[in-house]
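User: I would like to learn how to read a structure. Please take me through some features one at a time.

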Amino acid sequence: MSDPQESNNTQDWDPRAMLNNLSFLEKKIHQLQDLVHVIVRRRAQSTGQADEILVQQQQLMTADLTSIIVQLISTAGSLLPSVKQTLCPESSISQQFGVTNQTAGVSDNVVFQHNNSVNKLEDPSDMTGFFGAEQNCPIEDHEMKSDDDADEGENLPPGFKRDANLRMHMRGHGDEYKTPAALAKPHKESSSEPILIKRYSCPYIGCKRNKDHKKFQPLKTILCVKNHYKRTHCDKTYTCSRCNTKKFSVIADLKTHEKHCGRDKWLCSCGTTFSRKDKLFGHIALFQGHTPAIPVEESKGSAGPSNKVEQLEFKYKSDAPSGSSCRNVMDLERSGEDPISYFSPLNFETSGIDGFQEFPRPPFEDSESSFSFLLSGSCDYPPKNGRYTGSNDME
Amino acid sequence: MDSILTLLTDDLLFKILSLLTDDSDRKSFRSTCTAFYRVDSLHRTHLRVLRPEFLPSLLSKLPRISSLDLSVCPRIDDNAVYLLLSSAAPIWTRRIKRLTLSRCSGLRFRGLETLVGNCVNLESVDVSYCSGFGDLEAAALSRAAELRELSLDKCANVSDVGLAKIAVGCPKLERLSLRWCFDITDIGVELLSKKCARLKQLDISYLKVSSESLRWISGMERLEILQMVGCGLVDDLGLHYIGKGCPSLEVLDISRCDKLSSSALGSVIKGHNSLLQLHASYCYSELPMTFVDQSKDLKNLKVLRIDGARVSDAMLKIISKNCRFLAEIGLGKCSVTDTGIMHLISGCVNLKVLNLTCCSELTDSAMLAVAESCHNLLCLKLECCNLLSERSLDYLGSHCILLEEIDLTDCSGINDKGLKYLSKCSELVSLKLGLCTSISDKGLSYVASNCFNIRELDLYRCAGIGDDGLASLSRGCKKLRKLILSYCGGVTDRGMECLSSLEELSDLELRGLPNITGAGLRKLAAGCRRLAELDLKLCENIDDSGFWALAYYSRNLQQINFSGTAISDVGLCMVMGNLTRLQDAKLVDLSNVSVNGFELGLRASCARLKKVKLLAFLRRRLSPEIIETLKARGCKIRWE
């Protein structure tokens with residue numbers, strides 16, 4: 001089921017996938033052939049059959065043919081990415097074949113929601129038959145982009161389940177979109193015109209996306225059905241080669257992830273990562289209280305050197321030469337003046353320097369001297385080396 | 001005595017105290033008696049400590065302290081902060097609203113975080129010149145949710161991320177300076193403009209931001225002051241944004257933004273008629289005519305600085321006609337002529353500050369005109385106006401008696417007679433006479449006998465100045481704080497002895513004075529106990545005997561330049577080990593100091609030093625541990 005044929009790039013084109021697709025098409029054409037045979041035989045047997053059956057069969061056939069064409073185009077598109085881009089979105093294909101806004105009621109896997117059920121049986125639907133025929137294999141193989149692209153197609157405005165979500169979305173568009181008028185539900189301008197919203201169901205029984213579920217949340221397109229099924233009900237077989245942790249069941253998701261993996265260095269305090277600084281800052285500007293998170297390496301870097309200093313300090317303190325004549329003076333001073341341990345020249349190798357002398361200093365009192373620039377005059381100037389015999393006069 | 005004191009109630013003393021603005025006056029007040037001391041303790045709201053270890057006990061005695069300045073403490077690091085806050089539940093932290101941590105480069109984010117976390121009512125923080133500060137420190141600051149004012153000048157590692165932290169964490173910010181935070185870009189400024197809507201003052205000088213930033217800034221409704229000096233990437237488009245936005249703008253500084261054309265200034269003036277100050281120095285080589293034409297819209301302009309732009313006489317005439325309330329004008333290097341000055345003062349009679357630096361065509365007649373019209377002149381800068389003679393000073397001395405500041409550097413026409421005239425300006429606070437080679441001790445004695453308020457005197461390379469001049473100076477100018485005597489070759493030890501009676505002297509530059517010896521320095525150090533900055537470069541005859549005295553007496557020394565002195569290993573270690581407030585040392589060309597001496601000296605002081613200048617060869621010779629320790633402590637090493 002998970003053939004790697006969803007590749008977006010030509011260089012990723014997988015001939016095996018192509019072969020799969022072609023044999024699928026072949027099978028499909030055979031089925032159609034059988035159906036037509038049946039009709040031909042029935043007509044031969046009895047004319048004037050109930051029109052209803054005939055109409056149903058026609059519908060089925062049109063649907064099958066449409067799906068074959070879609071499949072064919074997308075298969076061809078896998079060879080030409082640029083072509084695929086324009087052809088792939090479902091709506092455009094449907095329009096090409098003039099089958100939009102046409103419906104044939106409810107089939108097994110597809111639920112149609114009618115805004116207006118006037119033309120209920122008028123025309124065959126596009127995809128119904130296809131899905132009807134492929135009940136066991138609801139996730140088919142044709143090319144598509146990721147769910148997001150198909151879901152909120154470029155020309156369709158995204159819908160929101162909650163007002164809050166809409167508001168949040170509109171914040172990104174700027175202040176002028178925050179007015180109540182802009183946030184109100186859009187008017188249904190053309191109520192006279194029948195607008196049909198097609199909804200699809202997941203084949204997995206019990207899934208919220210399955211039509212039998214109590215709180216059924218329909219899917220918008222077959223592409224959504226396919227990706228939803230893979231994401232929720234299949235194994236995640238693709239592992240990111242960069243981080244080796246993230247796994248995906250849709251290869252496009254893997255590709256998207258790989259583009260960012262490891263490169264999302266811009267982290268918000270809320271845990272969201274961004275590949276670009278301006279994106280992060282845009283996010284922070286929008287949300288109250290969010291701040292950029294500072295990378296861990298930086299905090300480590302700051303903590304490192306200070307530890308080192310303490311070690312070094314400690315080392316030299318303990319290595320102090322015990323023979324120093326001024327040791328006692330030093331210790332006294334350190335305990336009195338300075339709560340923080342610090343280097344003294346005496347704690348280092350002093351050989352080669354003679355006559356080194358520190359002035360004895362009284363332990364500092366808590367006096368205003370600390371901010372009045374006064375130094376207590378009570379300390380004795382050391383007269384030892386005789387240079388300052390008259391030093392007391394200088395006070 | 002007692003009877004008088006009983007009459008002075010605490011209320012009265014409080015009133016007296018609040019009128020004492022000068023630090024030394026307050027010191028005299030509190031030294032009077034215990035009662036005064038007590039009142040001073042109760043009255044004091046600001047505390048600038050020199051040693052952090054006294055802080056806890058001091059703060060418990062001073063109950064009204066709300067502003068704490070630790071910028072001159074040599075050793076504020078994380079441990080100091082922990083110790084400071086370790087005493088059981090310090091209540092003073094709740095009172096602190098203003099915290100000055102400028103140049104506390106030893107502090108790291110953990111310490112800062114603890115400090116900010118404890119001072120819950122912080123409204124103003126200054127961490128300028130903490131060059132090691134980065135985003136982590138900014139994040140620590142962002143915890144101060146009440147912050148109104150923040151200076152991050154030269155916190156070079158703060159990036160947009162750090163700014164975002166602050167912008168989100170401190171939404172009440174009103175004043176923010178990001179000068180020289182080179183890592184901040186347009187993205188950060190954009191976020192700031194969105195988050196801090198109350199900003200009144202913003203300084204983005206020297207940032208590498210483009211006009212895009214100004215687009216966002218222009219949306220700030222309350223911005224009154226915008227400083228963007230040297231934003232070389234900003235072009236006219238940015239100024240057009242400012243012209244259309246910033247409805248509250250009053251002060252704009254676009255000096256040194258060299259990508260601007262005349263239309264930029266035009267659109268600013270168009271949008272902001274009520275501008276009070278416009279600083280546009282060194283933007284234009286010639287003042288754009290469009291500005292002159294539009295100056296009629298700037299009726300309220302008080303300050304205009306257009307230094308560096310050539311200005312014609314006619315332009316000055318129009319400006320003076322239009323901007324009648326100008327109080328300050330900067331015309332440095334504008335090649336103004338006598339006629340131009342006469343035109344200018346014909347309209348602007350209220351000028352208080354006039355900068356005419358390097359307008360070398362000016363003659364005495366221009367000064368006559370200025371003196372006769374602008375009686376309120378407070379500051380006059382005439383550096384390099386070579387044609388001025390003593391007659392100019394005569395005019396100034398007779399008319400501008402309020403003059404507080406005059407710069408006569410390199411005015412070769414100034415002589416002793418001129419100084420005699422100038423001494424009539426008895427309010428002078430700052431006098432710059434550098435390179436005035438014709439002045440002598442006699443001239444200085446005139447100044448000293450009349451101008452008792454002088455705090456700053458520059459006598460750089462005044463070869464005629466000797467000990468006698470210093471003697472008269474020390475008798476008259478008792479308030480002198482900053483004195484430059486570099487290369488005044490006549491100064492000897494006797495001069496130093498004279499200076500030693502200047503108790504308030506804190507900043508002394510004595511470069512290249514070969515006649516000063518150890519004995520002179522000893523006398524100086526013993527007398528000038530407030531010395532905080534001392535430059536002894538190339539005083540080659542000062543030996544250890546002087547430095548021993550320095551190490552003993554000058555405990556308040558913060559910056560010292562020993563380069564080229566005769567200091568030895570022992571002297572260096574003594575000074576570096578004993579001067580516990582030393583933060584900045586220049587130790588180049590010390591021929592008597594061995595590598596071991598440097599190592600020891602640095603080890604003795606490495607916990608305190610914030611900046612040190614050394615010869616490049618020592619980089620390999622010193623032990624790697626000491627270099628690493630210095631760097632880890634936030635010390636900047638400049639290898640020469």
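User: Does Asp468(B), at 45% relative accessibility, count as buried, partly exposed or exposed, and what are the cut-offs?

Analyst: Buried means under 20% relative accessible area, exposed over 50%, and partly exposed in between, with a 1.4 Å probe and protein chains only. Asp468(B) has 45% relative accessibility, so Asp468(B) counts as partly exposed. Before going on, note that this is a predicted model, in which local features need pLDDT of at least 70, side-chain atom pairs count only at pLDDT 80 or more, and totals for chains, interfaces and linings use all residues. Residues are numbered from 1 along each chain as its sequence is written, chains are lettered from A and ligands numbered from 1 in the order in which they are written, and side-chain values use heavy atoms, leaving out hydrogens and water.

User: Which side chain meets that of Asp468(B) in a salt bridge?

Analyst: Side chains of opposite charge can pair when their charged atoms come close. A salt bridge is a side-chain nitrogen of Lys or Arg within 4 Å of a carboxyl oxygen of Asp or Glu. Here the partner of Asp468(B) is Arg494(B), at 2.9 Å from N to O. The pair links distant parts of the chain, 26 residues apart: Asp468(B) is in helix α22 (residues 467-476) of chain B and Arg494(B) in helix α23 (residues 493-499) of chain B. Helices (H or I, at least four residues) and strands (E, at least two) are DSSP runs, numbered from the N terminus. Arg494(B), at 42% relative accessibility, is partly exposed.

User: How many salt bridges are found over all chains?

Analyst: A search of the whole structure gives 30. Some residues form a network of salt bridges: Asp22(B), Arg455(B), Arg481(B) and Glu504(B) are linked in this way.

User: At what angle do the axes of α2(B) and α4(B) cross?

Analyst: Axes are lines fitted to C-alpha atoms, for helices over the stretch in contact, and angles run from 0 to 180 degrees between N-to-C directions. The axes of α2(B) and α4(B) come within 10 Å and cross at roughly 65°. Therefore α2(B) is roughly perpendicular to α4(B); angles under 35 degrees count as roughly parallel, over 145 as roughly antiparallel, 65 to 115 as roughly perpendicular and the rest as oblique.

User: Which residues of α2(B) and α4(B) make the contact?

Analyst: Contact means heavy atoms within 4.5 Å. Asp10(B), Leu13(B), Phe14(B), Leu17(B) and Ser18(B) of α2(B) meet Phe36(B), Arg38(B), Val39(B), Asp40(B), Leu42(B) and His43(B) of α4(B). Two of these residues, Asp10(B) and Arg38(B), also have side chains that form a salt bridge (3.3 Å, N to O).

User: Is Ala525(B) buried or exposed?

Analyst: Ala525(B), in helix α24 (residues 518-527) of chain B, is buried, with a relative accessible area of 0%. Leaving aside neighbours within four places in sequence, Ala525(B) is in contact with Ala549(B), Leu550(B), Tyr553(B) and Ser554(B).
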